[in-house]
Amino acid sequence: VQLQASGGGLVQPGGSLRLSCAASGSIFSINVMGWYRRAPGKQRELVASIISGGSTSYVDSVKGRFTISRDNAKNTLLLQMNSLKPEDTAVYYCFARKLVTDYWGQGTQVTVSS
């Protein structure tokens with residue numbers, strides 16, 4: 001499984017960004033996909049995840065602001081981020097879990113600053 005993340009950038013507080021993660025290769029039986037982030041000086045944090053049945057989960061700090069979804073036709077994972085805050089600044093990584101193995105995309109930097 002190969003994952004290619006894109007969509008990061010610099011945005012002002014209150015702005016929006018949409019992250020994409022394109023999956024390719026042997027994507028059959030991927031049961032979970034999601035996004036982690038790592039901010040400077042902080043531990044990695046699971047931001048959002050979506051299972052194959054469509055159920056989603058979010059860390060409390062992004063509930064109501066971020067939306068995770070999958071475009072199965074395009075084999076793409078999306079993360080719509082609205083009402084961004086400076087504390088959302090981090091490198092965001094997409095991941096996919098196939099059976100018991102995790103696959104990772106390269107990170108994409110999100111910077112929220114005025």
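## Tyr-36 and its surroundings

Arg-44 sits over the face of Tyr-36, 4.4 Å from the ring centre. The model is a predicted one. Tyr-36 is buried, because its relative accessible area is 15% and the limit for buried is under 20%.

There are three aromatic pairs in the structure. In one of them, the ring centres of Tyr-36 and Trp-104 are 5.3 Å apart and the planes stand at 50 degrees, so this pair is tilted. The two residues come from distant parts of the chain: Tyr-36 belongs to strand E4 and Trp-104 to strand E10 (residues 101-104), 68 residues apart. Trp-104 is partly exposed, at 37% relative accessible area.

## Strand E4 and its partners

Strand E4 covers residues 30-38. Seven of its nine residues are buried, so the rest of the structure largely encloses this strand. E4 pairs with strand E9 (residues 90-98) through eight bridges, in the antiparallel sense. Here Val-32 is set opposite Arg-97 of E9.

E4 also pairs with strand E5 (residues 45-51), again antiparallel, with six bridges. Tyr-36 faces Leu-46 of E5 in this pairing. The hairpin of E4 and E5 has six residues between its strands. Gly-41 in this hairpin adopts a positive phi near 75 degrees.

## The four-stranded sheet

Four strands make up an open sheet with antiparallel pairing, in the order E1-E3-E8-E7. E1 (2-6) and E7 (66-71) are the edge strands; each has a single partner, so one side of each lacks a neighbour in the sheet. On average, neighbouring strands in this sheet are turned by 15 degrees against each other, direction ignored.

The pairing of E1 with strand E3 (residues 17-24) is antiparallel and contains five bridges. Within it, Ala-5 has Cys-21 of E3 as its bridge partner.

## Salt bridges

Five salt bridges are present in the structure. In one, the closest N and O atoms of Asp-88 and Arg-37 are 3.0 Å apart. Asp-88 lies in the loop between strand E8 (76-81) and E9, while Arg-37 lies in strand E4, so the pair ties together parts 51 residues apart in sequence. Asp-88 and Arg-37 are both buried. They also belong to a salt-bridge network with Glu-45 and Arg-65.

Asp-60 and Lys-63 form another salt bridge, at 2.9 Å from N to O. Asp-60 is exposed, with 61% relative accessible area.

Arg-97 and Asp-102 make a salt bridge too, with 2.6 Å between the closest N and O atoms. Arg-97 is partly exposed, at a relative accessible area of 30%. Asp-102 is likewise partly exposed, at 32% relative accessibility.

## Where the features meet

Definitions and conventions. Residues numbered from 1 in each chain as written. Predicted model: local features only at pLDDT ≥ 70, side-chain atom pairs only at ≥ 80, totals over all residues. Heavy atoms only, no water. Pairing = 2+ DSSP bridges. Axes fitted to C-alpha atoms, helices over the stretch in contact; angles between N-to-C directions. Buried < 20%, exposed > 50% of the residue type's maximum accessible area, 1.4 Å probe, protein only. Salt bridge = Lys/Arg side-chain N within 4 Å of Asp/Glu carboxyl O. Phe/Tyr/Trp six-rings, centres within 6.5 Å; stacked < 30°, edge-to-face > 60°. Lys NZ or Arg CZ within 6 Å of the ring centre and 35° of its normal.
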